[in-house]
Amino acid sequence: MTWMSPSPKGRQITELEGDPAAITTRGDEIEELGAMMTGSAKILQDLAAGTDGLKGRAAEQLREGVGDVHDRLREAGALYTPTGPIVRAYGVALAADQPAVNGHVTRCRTLWESFASLPGSVEPRGIGGWGQPEHDSPEAEQRQQEDAAKLAAYEAWETEATAFDEDYDSWETAFEHAADEIDSTLAGKIKDSRWDDLDGFVAGALKVLAVVGLVLAVVGLVISGPILAALGAVVALLTLIGTLYQWRRDDASKLDVALAVVGVFPFGSMGKLAQGKSGLLSFAGDVAGGAFKPSTYTAAASQVKTLSIASQFAGGGLQGFRASASTFWQLNNTGGLGGSMVKLMTGKSLDDFSTLSNVFDEGIDWTSRLAVGFDFGHSYIGNAIKLTTYGTRLSGTEGLTERFPALKWMGF
């Protein structure tokens with residue numbers, strides 16, 4: 001479909017969605033349900049008060065079970081009963097406006113296709129100037145005819161688009177009226193608890209953390225450093241805390257919690273566990289990307305101070321940002337382009353490869369070799385999986401970790 005200009009009021013010219021008949025029926029059902037709730041509340045109230053005429057032990061147990069349910073049911077009925085007619089009225093309005101709006105859309109598309117296919121210009125092209133046809137020449141006459149036809153086609157489309165705006169305004173007024181009426185009906189009658197408000201905040205925060213975590217993971221394929229480590233540690237830890245909260249509120253499953261735990265578990269450091277007590281302490285320090293190591297934040301704070309000084313010396317503003325970005329790159333990518341490529345392909349820096357070389361020196365115990373070897377093996381495999389996953393996601397297909405969930409359990 002050819003691109004079409006917005007309507008004179010700046011709207012995208014597209015069909016109105018929705019099933020008017022279904023909305024009208026739903027409005028009737030809501031009103032009927034409200035009436036049923038109100039009637040049932042009266043029956044339950046009589047039962048609880050003992051004015052129903054029922055006798056016997058079974059009736060007494062039933063009264064004890066009813067409690068004050070009738071109050072809640074009456075409140076619900078008071079909300080449903082007036083809401084139903086509002087929904088129904090919107091369905092009726094949509095039934096009237098939808099065919100008109102959608103008819104304008106179809107005609108606008110046809111008229112725009114015709115306009116786009118014509119030669120010429122809406123704004124008349126020049127005649128008699130440099131590089132232009134002479135007055136009264138056949139070329140000038142043809143140009144004028146083409147421009148006139150082009151303008152007429154555009155004006156025909158514009159007339160139809162204006163009619164679209166008028167009927168769209170009618171629908172929009174009906175929609176906003178229905179929304180306002182429902183808001184007025186429910187105002188002050190449904191209140192979220194503080195826990196409900198916190199639930200919403202945590203859910204939103206976890207979505208933000210997921211995006212931030214993905215960005216850090218992608219950047220981490222090329223460079224590393226204490227600032228990224230500190231940010232990654234905070235993101236992993238907050239994600240786990242938020243998921244645990246959702247689990248306690250029945251908003252997350254045990255699987256969600258397990259995956260959040262996987263996000264903070266340092267699988268690549270498991271080889272350190274063979275080094276005894278010192279290895280265990282080192283392993284614990286790697287949990288959540290070093291979230292519990294003071295050195296993680298000390299080094300990050302030191303770099304932030306350096307970046308701030310670089311920005312100030314450059315005069316702040318855009319120049320300061322460029323200076324701090326350049327400094328950040330130099331501090332965390334000492335190997336230059338070669339170091340970046342090594343990090344991208346292996347997940348390890350050139351310094352890490354020096355450690356790998358040194359660990360094979362004579363006199364180094366097997367536990368150290370195991371720790372470094374396991375770390376490198378996990379990093380190599382994990383980086384290949386990450387690169388493949390990000391590549392497939394960019395192409396619009398699921399990544400390896402989505403196709404094979406077991407990879408997540410292995411820390412990839």
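Is Y168 buried or exposed, and what is its relative accessible area? Y168 is buried, at 17% relative accessible area (buried means under 20%, exposed over 50%, partly exposed in between, with a 1.4 Å probe and protein chains only). This is a predicted model: local features need pLDDT of at least 70, side-chain atom pairs count only at pLDDT 80 or more, and totals for chains, interfaces and linings use all residues. Residues are numbered from 1 along each chain as its sequence is written, and side-chain values use heavy atoms, without hydrogens and water.

**Aromatic residues**
- The whole structure holds nine aromatic pairs (Phe, Tyr or six-membered Trp rings with centres within 6.5 Å; planes under 30 degrees apart are stacked, over 60 edge-to-face, the rest tilted).
- The F164 and Y168 ring centres lie 5.6 Å apart with planes at 40°, so this pair is tilted.
- Both residues sit in helix 4 (residues 138-186), four residues apart, about one turn of the helix (helices are DSSP runs of H or I, at least four residues, numbered from the N terminus).
- F164 is buried at 0% relative accessibility.
- One aromatic cluster is formed by W3, W112, F115, Y154 and W157.
- K150 lies over the face of F115, 4.3 Å from the ring centre (the cut-offs are NZ of Lys or CZ of Arg within 6 Å of the centre and within 35 degrees of the ring normal).

**D97**
- D97 belongs to helix 3 (residues 69-117).
- Beyond neighbours within four places in sequence, D97 contacts L16, D167, S170 and W171 (heavy atoms within 4.5 Å).

Note on methods: Helix = DSSP H or I, 4+ residues; strand = E, 2+ residues; numbered from the N terminus.
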